[in-house]
Amino acid sequence: MKLKKQVTVCGGAIFCVAVFSLYLMLDRVQHDPARRQNGGGNFPRSQISVLQNRIEQLEQLLEENHQIISHIKDSVLELTDTGAVSPSGQLPFRSANGSWVLPFDGRPTFLSVKPQDCQFAQGRRGQTDLQMLDVYSLLKFDNVDGGVWKQGFEITYEPGEWDSEPLQVFVVPHSHNDPGWIKTFDKYYTDQTQHIFNNMLVKLTEDPRRKFIWSEISYFAKWWESADMHKQEAMRKLILGGQLEMVTGGWVMSDEANVHYFAMIDQLIEGHQWLEKNVGVTPRSGWAVDPFGHSATMPYLLKRANLTSMLIQRVHYSIKKHFASIRSLEFMWRQAWDQKSGTDIFCHMMPFYSYDVPHTCGPDPKICCQFDFKRLPGGRVNCPWKVPPRAVVEANVAERAHLLLDQYRKKSKLFRSKVVLVPLGDDFRYDKALEWDQQYLNYQRLFDYMNSHPEMHVQAQFGTLTEYFTAVYKANNVPQGARPPDYPVLSGDFFAYADREDHYWSGYYTSRPFYKSMDRVLESHLRGAEILFSLAVAHARHTGMEGRYPTSDYTLLTDARRTVALFQHHDAITGTAKENVVIDYGNRLLHSLQGLKRVIINAAHFLVMKNKDVYRFYQTEPFLETLSNNALRTLIELDQSGPRYLVLFNPVEQDRLCVVTVLVNSARVRVLTEDGQTLPVQLSAQWSSASQMSAEVFQVCASFMVRLPALGLAVFHLYDSADTPMTLRSETLLRLSGRGQTAHAVDPLPLRSQTADPQPFYTSTQSLTLGFSGTTGLLESIRRKDDPQELKVQIQFVTYGTRSSKDKSGAYLFLPDGKAKPYSQKEPPVVRVVEGPLFSEVVAFYQHFQQTIRIHNVPGVDGLSLDVTTMVDIREQSNKELAMRLVTDIQNDDTFYTDLNGFQMQPRRRFLKLPLQANFYPIASQAYIQDSQHRLTLHSAQALGATSLESGQLEVILDRRLMQDDNRGLGQGLKDNKKTANRFRLLLESRSTGNKVVDSGPTSFPSLLSHLTSAILNHEVIALPVLPKKRGIPPLHTFAPFTGALPCDFHVINLRSIQHQQDTHSPSPYTALILHRKGLDCGLETPNPGFNCTTTEGQLGLSSLFRNLDLQLLQPVSLSLMYSSPPMANDSSVSLEPMEISAFRLKLR
């Protein structure tokens, strides 16, 4: 107490001195004759100049004064802190069973989930006519030769079928432009795509009957930016006049297996916002001809963006044949969890092998190829069926028209209406003026002939995709997008895709995992940067400081949005592009990551300033640093002169209690919260190899437990000070095989070594006890605190080879040479066991991978699952795929669950009638197996391929190295592997209400704990050390954006600043808030999550949600922000159904 008084008096004295010196300096400025301007004539100007000088000096002095006060505060904190007392007044100690008990901030937390919020998962679903799991059970997958339509059957018709209602034919010219595949995005644009647009302008203008569709806005935007005003106006006229239709309108034609729903939405918004701003058009129909299989998430997102119809193409040939045979190629696609029909969207599935011309006019490719007039003799492309096209002239038009009409009629027999869609195009088509003439002139002659002969009973024309759909609705007498009578309703998805034989495209789920992982890091940074930027700009406006804030950071956000969007392309994130194209994508990702770090730093700097008046932004002098791009953490150098400050950003929308690790240069580190409380710290070594601690520069990992506000920034002080009982060293044991291996420790971190024995060994926290094999060093069992017995959870590593004959695995295809073989190596692994009060970990070192399993001794979410990192390096291997397999006692039989795009769970069944590779499915964020007692979930921070090949097993492919092409056009194998860290969380939960009836249904949902686990895995805390300043650091404080807690079944997908209509470099006053209410399975017991967690039946009050900001507009909008509903009263609550994604336009200031 006495000390406190002394410090206060001392502080007061310094404050008085500072104020007095300020006064003297101002006085000196006023009376300094040297500062007076010469020449009495411009007296007022000189006065202004003197005044300006005074103001500038005053500002500088005020800033210095704040820093003096800040130093006093730090001294007070350091002097008054005894270094021995934690927030709860206890010291860490070891309990009887050897696990550490930590002092905890003692804040009571509660969990309150309303029973109504649990009913959704148990509720009855509406019946659908086609459930894809049932279709799989039904089909034989026998691949019988179907004649000219090899994968189908013979189609016949009666000549008079169209007498009463003529056939309507819509021929839809298109050009599929990959934003990177064999060439880079820019090279394709230069060589081909720009010429397509330039020719389009000329050729569509020549005849108003000509139509065209385009989907990739990334290319269209690039052309638009280089076109002059006349070209732009002519193009706009073609679009608004209906000759050119923008279909889907995303930045790219997104992959649907590996992509996360955050990025699916973001690339759609980026394309739609661009179209709205530059052209003023809203897409109506979806067009996805090339993604390798189709996800059920896509129809939901398109529906929420107000599209009315969609088209898909790459579906397993057996499913196409089945749907064609029951005339169900057009259906209403409904979400499996939808209890009514609100998610229905009309979907057209193309019936044949490909989207090229030979496979789109009808069932016989030999005939259809004769109507691809780019293949006329003398050109570079010909028909493999050896019958070339012939130009249409007076002498042959009747014969040609009847031959083509026969194909149109046969195709139409597979559908329920007398309207037929005939796409006319292929990859990068229409890049030469000649092709425009060849296709359009020959087809127009055919149409003119058909339409002028009423006995043919056909009306044929060029059309757009939406014109086709409109005709289908009209023929059925229903409004746009409504379900035509008797059309089937379907739920489920279309993975895995096979285009022929047993060629399943399940390899690309894992191909090039390094970039799949990098994509997710960038997505998390983009979301974090968007949220912080939106909040910082709103607070700057609120305090009238918009002019001082670097709003030009908006250009960095735009660049990163477009990079992430580009990478969602179905040859980018899939890992199926040429090596030089992959490098181009990688450089773009890295460049954007650096830009986003700048946005985060600048926003965090403004938001943590206690006194915004002293805020200054200097482009060349960043206030914070972010951790460097390599996996190593930035070193925070401590010294005796004072504290280093650390700002931590929590990108999750709930409070977070977790362990954070930073790298420091002193083992005498002490960590204090903003209000001066000492936190427990665990010191552990940096390692240069399996058994050697890093000794180059003294570096030590300091891990400490923090509580961080939701989507907020917290400030911590790090000191180099005398030892404190709250800083504890890890105990490290090396288990060696005994063959000449030695351990190298670095003081003061203790290290023991022993010869490994086959007995299992254990490590535990307050929540979990893990058993490991003494031989392999890999996980063997998990016991939860409240479970009497341990559960077998064995981790094994296995490898797949590829076939020796004919077709082999490549970037797309997985064609294994049989079952996996156990991974083996001659030398036993080195195993490192690290134990301490905050975390314990076991690291097993193998030749081609090292696996780290870490558990955190923290109450709540962070302490209830295992953090699993597998560092994989298979660059020495040849035609090998490395998989991690979990082997358990869980009796899941043949059922397992994989997620679709991190948005929803899809039940799967293992079918013995299918080859091994057909039972693999994409996971973007998780997979689980369960029985009546337990559920085991493998959460993933990157997209990979996964399966369950036997009851009790769950496996995931970590990397694949393949030496040959798989004949799908790439022309390369996968030989550019990188050392890749695959990150997972393994969560074991007890089920209280497991029952076979619920488990056999078409839906399944993660528990609340599982959703939260996924969030902390995918959105790591971002550490931002404050850079030391000569003038000292102004006072900083925690920034918590919300006044209260968000319901814990709500996820903030994004808080995205909306573009300015005129100025592309700065944001408008509006922000898009995109929310997702998660579906919960309450049938798993929910431990305390470590923060206050409540659900509210989907209600959220937005008016007072944002602390110190006024909500001036609350307007519901469609998912891509193009359609607006009337604004709501600012004090209204918004309401979301379970699983619903909704967007709102806000004006915050």
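This is a predicted model: local features need pLDDT of at least 70, side-chain atom pairs count only at pLDDT 80 or more; totals for chains, interfaces and linings use all residues.
A search of the whole structure turns up four disulfides. With the bonded cysteines numbered in sequence order, they pair as 1-7, 2-3, 4-5 and 6-8. One of the links joins C361 to C368, with 2.0 Å between the sulfur atoms, and its angle of -85 degrees about the S-S bond makes the link left-handed. Both ends are buried, since relative accessibility is 2% for C361 and 0% for C368.

The disulfide of C369 and C383 also has its sulfur atoms 2.0 Å apart, and at -100 degrees about the S-S bond it is left-handed. Its two cysteines lie 14 residues apart, in the loop between α11 and α12, and both are buried. The bond between C1048 and C1093 has an S to S distance of 1.9 Å and, at 75 degrees, is right-handed. Here the partners are 45 residues apart, with C1048 in the loop between β43 and β44 and C1093 in strand β46. Both C1048 and C1093 are buried. C658, by contrast, is in no disulfide, the nearest cysteine sulfur being that of C701, 16 Å away.

Finally, R908 sits in strand β36 and counts as buried because its relative accessibility is 4%. Its side chain makes a polar contact of 2.8 Å with that of D493. R908 also touches residues including L133, F495 and Y921.

Methods. Residues are numbered from 1 along each chain as its sequence is written. Side-chain values use heavy atoms; hydrogens and water are left out. Helices (H or I, at least four residues) and strands (E, at least two) are DSSP runs, numbered from the N terminus. Buried means under 20% relative accessible area, exposed over 50%, partly exposed in between (1.4 Å probe, protein chains only). A polar contact is a pair of N or O atoms within 3.5 Å; within protein, one must be able to donate a hydrogen and the other to accept it, and residues adjacent in sequence count only if both atoms are side-chain atoms. Contact means heavy atoms within 4.5 Å. A disulfide is a pair of cysteine sulfur atoms within 2.5 Å. Lists of a residue's contacts leave out its neighbours within four places in sequence.
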